[in-house]
Amino acid sequence: MTNDFKAALQAGVPQIGCWLGMADAYVAEIAGEAGFDWLVIDGEHAPNDLRSILAQLQGLARSTAHPVVRVPVGADWMLKQVLDIGAQTVLVPMVESAGQAAALVRAVRYPPAGVRGVGAALARVSRFSGVSDYVARADDEVCLLVQVESRAGIGALAEIVALEGVDGVFIGPADLAADMGFGARSDAPEVRAVIAGAIAQITGAGKAAGILSTDPAYARECLAMGATFVAVGVDVLVYSGAMKALAVSFRTPDGA
């Protein structure tokens, strides 16, 4: 039950990932064979529910790519459920204060350190009681990633990264750009300056910094700045782009 992804982040080893938004176990399994270090099963913006997330975790069971589950919101009951079905790493969007982050730390830990319900005996995560010491070891192996994507979150970043139990901070460029008044222009120089400052602040506190960018040059720039877990694509965009390119190639005069 060792969380190799968490260990890699702690060791500062860059992890290259991809977003899974197609909400399909077969697609997830294909992505798991592609060679990524980690894959995000997106429960915030993709049409996922608990059972579809479970199916994708099962589809990735033999993959070396580590599944990260992004929940829609940081509700205690929701985190409890995704942990029980087998997620070791969770990503929580829209974290804007140290108090909110501290509550999330407690939500993913068992008492007395937290408030996670103790029901692992009947859960997939313990291999249905096959891992006898799961509860004793779980707190050390669960990886909590919080998503900072607003001016309020950036303002509270120093307090958030100071919290024990927050393993990494993921910067959300799209929402940050919108909150800063730049709409969909996440590549605006002002937005990227804030992101650069945030990555420096996160890594300076000894925590892992993460981001998603489908721009290869910028993704590499973020890695060079010290970001450790970087997603470089989205399955929906990869699939739709390839399908459109194939169709266009046979509709142009020189495509055949």
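Helices (H or I, at least four residues) and strands (E, at least two) are DSSP runs, numbered from the N terminus. The model is predicted: local features need pLDDT of at least 70, side-chain atom pairs count only at pLDDT 80 or more, and totals for chains, interfaces and linings use all residues. Residues are numbered from 1 along each chain as its sequence is written, and side-chain values use heavy atoms, with hydrogens and water left out.

View 1. Asp84 belongs to helix α4, residues 76-84. Its relative accessibility is 16%, so Asp84 counts as buried (buried means under 20% relative accessible area, exposed over 50%, partly exposed in between, with a 1.4 Å probe and protein chains only). Leaving aside residues up to four places away in sequence, Asp84 touches Tyr110, Arg116, Ala123, Arg124 and Val125; contact means heavy atoms within 4.5 Å. Asp84 and Ala123 are 39 residues apart along the chain, and their C-alpha atoms are separated by 5.4 Å.

**View 2. The buried residues of helix α5.** Helix α5 covers residues 98-107, and its residues Ala98, Ala101, Leu104, Val105 and Ala107 are buried. The buried residues of α5 pack against α4, β4 (89-92), β5 (143-148) and α8 (157-161).

View 3. A pair of aromatic rings is described by the distance of the centres and the angle of the planes. Here, rings of Phe, Tyr and Trp (its six-membered ring) pair if their centres lie within 6.5 Å; planes under 30 degrees apart count as stacked, over 60 as edge-to-face and the rest as tilted. The whole structure holds six aromatic pairs. One of them joins Trp38 and Phe229, edge-to-face, with 5.6 Å from centre to centre and 70 degrees between the planes. Trp38 is in strand β2 (residues 38-42) and Phe229 in strand β8 (residues 229-234), so this pair ties together parts 191 residues apart in sequence. Trp38 is buried, at a relative accessible area of 1%, and Phe229 is also buried, at 0%. The rings of Phe170 and Phe229 have centres 6.0 Å apart and planes at 35 degrees, so that pair is tilted. Because Phe170 lies in strand β6 (residues 168-171) and Phe229 in strand β8, the pair ties together parts 59 residues apart in sequence. Phe170 is buried, with a relative accessible area of 2%. Ring pairs link Phe5, Trp19, Trp38, Phe170 and Phe229 into a cluster.

**View 4. Helix α10 against helix α11.** The axes of α10 (residues 189-204) and α11 (residues 216-225) come within 10 Å and cross at roughly 35 degrees. Axes are lines fitted to C-alpha atoms, for helices over the stretch in contact, and angles run from 0 to 180 degrees between N-to-C directions. From α10, the contact uses Arg192, Ile195, Ala196 and Ile199; from α11, it uses Tyr218, Cys222 and Met225. The charged end of Arg192 sits over the ring of Tyr218, 3.6 Å from its centre (NZ of Lys or CZ of Arg must be within 6 Å of the ring centre and within 35 degrees of the ring normal).

**View 5. Backbone details in the loops.** Most residues other than glycine have a negative phi, and most peptide bonds are trans. The peptide bond from Pro111 to Pro112 is cis, with omega near 5 degrees. Pro112 is in the loop between α5 and α6 (134-141). Ser129 also lies in the loop between α5 and α6. Ser129 is not a glycine, yet has a positive phi of about 80 degrees. Its relative accessible area is 43%, so Ser129 is partly exposed.
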